[in-house]
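Here are a few friendly notes to read alongside the structure.

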Protein chains: 2
Amino acid sequence: MGVRLQDVADLAGVSMKTVSNVVRNYEHVSPATRERVQEAIAELGYRPNLMGRRLATGRTGLLALAFSNVTVPYFAELSRAVSAAAGALGYRVLLEETDGTLAGERAVIASSEAGMVDGILFQPSMMSSMEISRHRGDLPIVILGEGAAPLPVDRVMIDNVAAARDATKHLIALGRSRIGFAGHESGELSATSIQRMMGYQQALEEHGILPDPHLLFPSAEISPSGAVQGVGAALDAGARVDGLVCRDDLAAIGALRALHERGFRVPEDVAVTGWDNIELSRVTFPSITTIAPDLDRLAQRAVEMLVERVGGFTGVGRHELVDYELLVRESAP
Amino acid sequence: MGVRLQDVADLAGVSMKTVSNVVRNYEHVSPATRERVQEAIAELGYRPNLMGRRLATGRTGLLALAFSNVTVPYFAELSRAVSAAAGALGYRVLLEETDGTLAGERAVIASSEAGMVDGILFQPSMMSSMEISRHRGDLPIVILGEGAAPLPVDRVMIDNVAAARDATKHLIALGRSRIGFAGHESGELSATSIQRMMGYQQALEEHGILPDPHLLFPSAEISPSGAVQGVGAALDAGARVDGLVCRDDLAAIGALRALHERGFRVPEDVAVTGWDNIELSRVTFPSITTIAPDLDRLAQRAVEMLVERVGGFTGVGRHELVDYELLVRESAP
DNA sequence: CTCGAAATTTACAGCGCTGGAATTTGCTTG
DNA sequence: CAAGCAAATTCCAGCGCTGTAAATTTCGAG
């Protein structure tokens, strides 16, 4: 099924290779020949078969983007940004969901089939980048987010610690002093949560506030509902805060509901900050003050670095930070 | 770079084809040989090269899923459901975003390269299924959602008209009589919007309520912010409703904010329904009464039908309806 | 006109794998 | 013990395309 290069070549009366050259815009083809071939292509409706090309070149033109779950708005937005950046460089993106499980993440790294993608962009939830760099096969990998340790693999991230410090300081500047942290895992903490909590504690300490472990409100599940329950349970148990730094916008949305249900006003009684600047954080009531990473830049750098590796670059692991911004909105004005 | 089938064959002292048979679990391989080959595979760390396999078989094992934009939660959730259903049948899913533009959708259908995917699952926003079925090349397509006309291409959807009628009747049963519709396009309506508005109007008429064009609140942009503005502008212009059927949950979230900003209480003053049952609709305050399509079933049937076509089925276009449910929550109890 | 360099085009050998036919091996059975 | 048959394995010919190198044509200078 399908028109082959040879068919076009026959019709145009040239060799297969010349047709190939025309298709790929090789420069040394005479205008006359080029036109004749193009007519033949149009007449036959020829479209190059990618599998053939890829077998021959060894490149697939596909990059994998692995993270836990597209239904997390941050990841959906990341996915768009990465697709755009990859598209600009002639690559397409294959999403790989890991469900945030260790098994899922290992499966991505160890994928039993080769040749599907040219490289992987990986935002790990559970695996340490240590393990990733060890487990790595021959496929280039760039890590998104995650820890700060220098490792033999490229990484792009924002400075989570500094950003968390900024968010917390913003609440302190608002005159809040009983500031909680919400939305982190109740079990083993992800690297992301660890860094954000670290920044939160640093800010408190810098301002002479003693971090109070009773003001940490973990979620049994990293989801808005998880935060509703986590924050709700803590409030019901008598915890009182006037500021709340949330691990991400979804946790903030959950916190908003939990607070609202119990009659606390945001921001009057409790000021709340989120993280990620997902589209919805502008539309909730109140809208959410949040850390907005420069997602486009993050995606662009990550793709660029990965493409360099695909192209053969084998230097040491690079570690780049990307800008972020604290977007002040209604929940912590 | 890479261990080849031949390398494994050499090490195990068998032919390439036997190794291939082992890799693919062909039944007629003696246990002894199988084991020897498997040892060789393990020792060499062999992983089959997909491009080679695919060139040989003509199948890529990839299905495209095309829709406007992953950052729309409904599509993200659809994407998960489709990935799961496809995975169960041995396929993986490549996302194609069209940005909801005609050009984007045409690009998906007319993709200039062949052989990338075996088939397409397509949820159109702008293209009519008429045009899709005409434009179709040799690639099997299954349409998700969209119009009701019987066409020579498979389609799976929920009964949008009936569901909209149910949502509207629910508001009527709550004693509401000035019921508006919000969140549809302010320009050309999508097929989806048309059907949902149709159901809304039918329900009103069935109950002797004359549909009032002043109670239609379109959004300049299909997004929560679009709905905030659309509904907000209408309210500011003096429109008064006691019930609001929203085209989707994001519009409902936007409507919630627009109403809240102006001091209307939900559901006391205005009862609101959404559509899609996105995860967040459970967590907003108030949580949103919504139409919940059976997404898993939808995805499963769509993938099954597409895989049948990939397998060679060429019968007439089938048209399947999938169940939905009205989930009653706080916004319209 | 002739010659060499540059421009254009072609031949050919795979890329790594699989389908199907052909061959060999291993058992049964009369 | 040979024939007969099924199971196991191998051979071979591509799938559609591209890289390399070699062949051919073109063109301007002398």
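This is a predicted model: local features need pLDDT of at least 70, side-chain atom pairs count only at pLDDT 80 or more; totals for chains, interfaces and linings use all residues.

1. Now step back into helix 1 of chain A, which spans residues 5–12. Its buried residues are Leu5(A), Val8(A) and Ala12(A). These residues lie on the same side of helix 1 of chain A, because they cover an arc of only 65° around the axis. What do the buried residues of helix 1 of chain A pack against? Their partners are helix 2 and helix 3 (31–44) of chain A.

2. Next, the DNA. DNA strand C is surrounded by 25 residues, and the closest are Thr33(A), Leu5(B), Ser20(B), Gly52(B) and Ala56(B). Helix 2 (16–23) and helix 4 (50–57) of chain A, along with helix 2 (16–23) and helix 4 of chain B, each give two or more residues to this surface. Helix 4 of chain B gives the most, with five residues. By class, the surface near DNA strand C has ten nonpolar, ten polar and five charged residues.

3. The two protein chains also meet: 41 residues of chain B are in contact with 41 residues of chain A. On the chain B side, two or more residues come from each of helix 4 (50–57), helix 5 (73–88), strand 2 (92–97), helix 10 (224–236) and helix 11 (249–261). Helix 5 of chain B supplies the largest share, six residues. This side of chain B is made up of 19 nonpolar, twelve polar and ten charged residues.

4. Do look at the sheet in chain B, an open one in which six strands run in the order 2-1-3-4-5-11 with parallel pairing. Strand 2 and strand 11 (319–322) of chain B are at the edges with a single partner strand each, so one side of each has no neighbour in the sheet. From one strand to the next, the twist averages 20°.

5. Ala66(B), for example, has Phe122(B) in strand 3 of chain B as its bridge partner.

6. Finally, helix 12 (residues 295–310) of chain B packs on the sheet, where it touches strand 1, strand 3, strand 4 (141–144), strand 5 (154–158) and strand 11 of chain B. The direction of helix 12 makes about 175° with that of strand 5 of chain B.

Terms used: Residues are numbered from 1 along each chain as its sequence is written. Chains are lettered from A and ligands numbered from 1 in the order in which they are written. Two residues are in contact if their C-beta atoms, placed from the backbone, lie within 7 Å. Helices (H or I, at least four residues) and strands (E, at least two) are DSSP runs, numbered from the N terminus. Ala, Val, Leu, Ile, Met, Phe, Trp, Tyr, Cys and Pro count as nonpolar, Asp, Glu, Lys and Arg as charged, and the others, Gly among them, as polar. A residue is near a molecule or strand if its C-beta atom, placed from the backbone, lies within 6 Å of it. Two strands pair if DSSP finds at least two bridges between them. Axes are lines fitted to C-alpha atoms, for helices over the stretch in contact, and angles run from 0 to 180 degrees between N-to-C directions. A residue is buried if 20 or more other C-beta atoms lie within 10 Å of its own, exposed if 12 or fewer, and partly exposed in between; C-beta atoms are placed from the backbone. The arc is that of the directions from the helix axis to the C-beta atoms.
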